[in-house]
Amino acid sequence: MLTLLRQASPLADARQQMAIIERDIVPSFQETLAENAISPLRTSGIQVLQINVGKLCNQTCSHCHVDAGPDRREIMSRETMDLCLDVMRRCEIPVLDITGGAPELNPHFRHAVSTARGLGRHVIDRCNLTILTVAGQSDLAQFLADHEVHVVASLPCYLESNCDRQRGDGVFQRSIEALRQLNALGYGQPGGSLELSLVYNPVGSSLPPPQESLEADYRRELQDRYGVSFTRLFTITNMPISRFLQDLLESDQYESYMQRIVKAFNPLAVSGVMCRNMLSVDWQGRLFDCDFNQMLELELAPGMPRHIRDFEFSSLENRPIVTGRHCYGCTAGQGSSCQGAIAN
């Protein structure tokens, strides 16, 4: 299977990735839940509708589990996006979480934002920051501010060399430029209403350090070096999927990484994993428990709706959650979710 992965161009498909992740080198996730007297996971409502609006991106980051990049052409259509917005209109789902790729490159991104905000929903834009500096996006920061969008922005380190090693040469300086734009509009200011959350992903195969202490380091270093402020920091574990999986295999670190996240399993993190209150929609409108399952083609449990056009709140709000060994990434150490660390 390792040979198959390395021969794939440019990366293995979802079936090959799943075959590798599910190799019997660590206990199954369900076995570990049972050993800790934790019942099989089910959702406890739907608080977040997360839509992945496509894989087109202006960057090619080494840790990207979406395998996004400038050459990708998967884009959510206006029709599919309107089906998602119709669900928000019909149901009391308080948060629309828009991700990608670079979600802002979807031509219907601003339609989604303005419609959801018009419905009174909280909107999250998972932004790579550099998109604010590309041609044709000069008014993007102002648009986000005008609609009071919560910007969740990738910045894997406050050191330029570490950031560029993961995200590409020159990305750090362009990210700082974008952060200054957002700060000038009121984002991330003490006491302000415009939320600017930064996201830390480890560089390499380590787990994130404690979120609270790392946030203090980020605040000090970004303010002292660049005059940049932000609302909060989220630490997110790199998942053994797509490009990061490829890197682990090519560096012969896959087995050690899987053993590391299994050894760090924290039962206290299980109750707060993002799949407990989220429904994930891919660019084609297909439904998943989370964005990671989406990339591995792990559809919802049997008997559940398969597409956003078939959405039924009553059947989805307390559904069983599909899991795999990659789920150890969300329950290692302090835990990892779209909103950062879960437990102490």
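Start by selecting Leu 49 and Leu 96: Leu 49 stands opposite Leu 96, which lies in strand 2. What you have open is a predicted model, where local features need pLDDT of at least 70, side-chain atom pairs count only at pLDDT 80 or more, and totals for chains, interfaces and linings use all residues. Residues are numbered from 1 along each chain as its sequence is written, and side-chain values use heavy atoms, leaving out hydrogens and water.

Next, show strand 1 (residues 48–52) beside strand 2; the two run parallel and are joined by five bridges. Strands here are DSSP runs of E with at least two residues, helices are runs of H or I with at least four, and both are numbered from the N terminus. Two strands pair if DSSP finds at least two bridges between them.

Five of the five are buried, so the strand is largely enclosed by the rest of the structure. (Buried means under 20% relative accessible area, exposed over 50%, partly exposed in between, with a 1.4 Å probe and protein chains only.) Val 95, Asp 97 and Thr 99 point one way, while Leu 96 and Ile 98 point the other.

Finally, look at the cysteines. The whole structure has zero disulfides, a disulfide being a pair of cysteine sulfur atoms within 2.5 Å. For Cys 127, the nearest cysteine sulfur is that of Cys 57, 9.6 Å away. Cys 127 is buried, with a relative accessible area of 2%.
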